[in-house]
Amino acid sequence: MLTIADHQFSSRLFTGTGKFADHNTMLQAIASSGSQLVTLAMKRIDLTRGHDNLLGPLQSLGVKLLPNTAGARNAKEAIFAAELAYEMLGTKWIKLEIHPDPKYLLPDPIETLIAAQYLCEQGYIVMPYVHADPVLCRRLEEVGCAAVMPLGSPIGSNQGLATETFLRIIIEQATIPVIIDAGIGAPSQACRAMEMGAAAVLVNTAIASSAYPQKMAKCFADAVATGRQAYLAGLGAVNHHADATSPLTAFLTDSSIKVPIPTAHIMRDST
C-alpha cells in the first residue's frame with residue numbers, strides 16, 4: 001500500500017482528466033486503470049453554475065480527487081486556486097502546478113517553493129509538480145510537502161523518462177513518496193519508473209490520446225503493477241562486461257578429463 005499523508009492507495013497509477021474526447025471515454029478509462037487518485041484542474045470546473053457535469057461523475061467513481069493549480073503563473077495565483085479548491089471541494093489536498101511558460105509548461109521552482117511553504121503552513125497536503133531537481137525536491141520535503149512529483153519530460157510530450165539520471169537521485173534521497181509526473185508516454189516507461197523505485201506514476205496524455213483509452217489504461221495498470229513487483233524483487237546489478245552464468249571453459253583445460261575422440265573424426269583429420 002502507498003501511504004500519502006493519512007490516505008492509503010492500493011493502486012500506484014494516478015491518472016489525469018484532460019484531453020479525453022468526451023467525459024464517458026474519460027470515465028471508462030479511469031475505471032479501467034484502477035486508479036484511486038485522479039487529478040482535476042480547477043480551471044475546468046464551472047464556477048458560475050454552482051454545479052459541474054464533470055465533478056459529479058468523477059465523484060461517483062469513488063476515487064480521491066486531487067485538484068491542481070494548472071494555469072497558475074506564480075505563487076499568488078496558485079495559492080488562490082488551492083483556497084478555491086478547498087472552498088468548493090472541501091479538500092486540502094492540492095497538486096501544486098506553477099508554469100509561467102506556455103510553450104514548454106516547465107514548472108517555476110522559486111514560485112513553487114514559496115507557494116508550497118505557505119500552503120503547508122496552512123495545513124494543506126501539498127504535492128508539487130517540479131522539474132527533476134534533487135536539491136529542490138529536498139527543499140520541498142523540508143517545508144512539509146506530502147510528496148514530490150518530478151517530471152519525466154515536458155507535459156504531454158510522451159517523451160518518457162528523459163530525466164532518468166536525476167529521478168534516480170531524487171528517489172534515493174527522498175523520505176516522502178516520489179511520483180513521476182509528466183511525459184510518460186508508454187506502459188514500458190511507467191514500468192521502468194516503478195522498477196527504479198518510484199512510489200507511483202501519474203499518466204494522462206498517453207492514455208487520453210491513445211486509439212483506445214480504456215485498453216491503454218489497463219495496459220498502464222498492468223505495467224505499473226509489474227514494475228513495482230520487479231522493484232520489490234530486487235533487480236540484478238548492471239555490468240558493463242559479460243559475466244557468464246555458468247563455467248564455460250574450465251572443463252576444456254582440465255587435463256585430468258579424458259574424452260575419447262570419435263574414430264570418424266580421426267579418419268577425416270588424417271586425410
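**A glycine and its surroundings**

Author: G156 touches K19, G183 and T205, leaving out residues up to four places away in sequence; contact means heavy atoms within 4.5 Å. This is a predicted model, in which local features need pLDDT of at least 70, side-chain atom pairs count only at pLDDT 80 or more, and totals for chains, interfaces and linings use all residues. Residues are numbered from 1 along each chain as its sequence is written, and side-chain values use heavy atoms, with hydrogens and water left out.

Reader: Where does G156 lie?

Author: G156 is in the loop between β8 (149-150) and α6 (164-173). Helices (H or I, at least four residues) and strands (E, at least two) are DSSP runs, numbered from the N terminus.

Reader: Does G156 count as buried, partly exposed or exposed?

Author: G156 counts as partly exposed, at 28% relative accessibility. Buried means under 20% relative accessible area, exposed over 50%, and partly exposed in between, with a 1.4 Å probe and protein chains only.

Reader: And what of G183: buried or exposed?

Author: G183 is buried, with a relative accessible area of 6%. G183 is placed in the loop between β9 (179-181) and α7 (187-196). Apart from neighbours within four places in sequence, the contacts of G183 include S153, P154, G156 and Q189.

Reader: Which residues does the UniProt "binding site" annotation cover?

Author: According to the unreviewed UniProt entry, that annotation covers G156, A182, G183, N204 and T205. They gather at one spot, because no two of their C-alpha atoms are more than 9.0 Å apart although they span 50 residues in sequence. The lining of the largest pocket takes in G156, A182, G183, N204 and T205. UniProt positions are given in the numbering used here, feature names are shortened, and annotations may be inferred rather than shown by experiment.

Reader: What counts as a pocket there?

Author: On a 1 Å grid over the protein atoms alone, a pocket is an open set of points where a 1.4 Å probe fits, with protein on both sides within 12 Å along at least five of seven lines; lining residues have an atom within 4 Å of a point.

Reader: Turning to α7, which residues are buried, and what covers them?

Author: The buried residues of α7 are A190, C191, A193, M194 and M196. Their cover includes α6, β9, β10 (200-203) and α9 (213-233). Just after α7, G197 has a positive phi of about 110 degrees.

Reader: How many helices and strands are in the chain?

Author: The chain has 11 helices and 10 strands, and 45% of its 271 residues count as buried.
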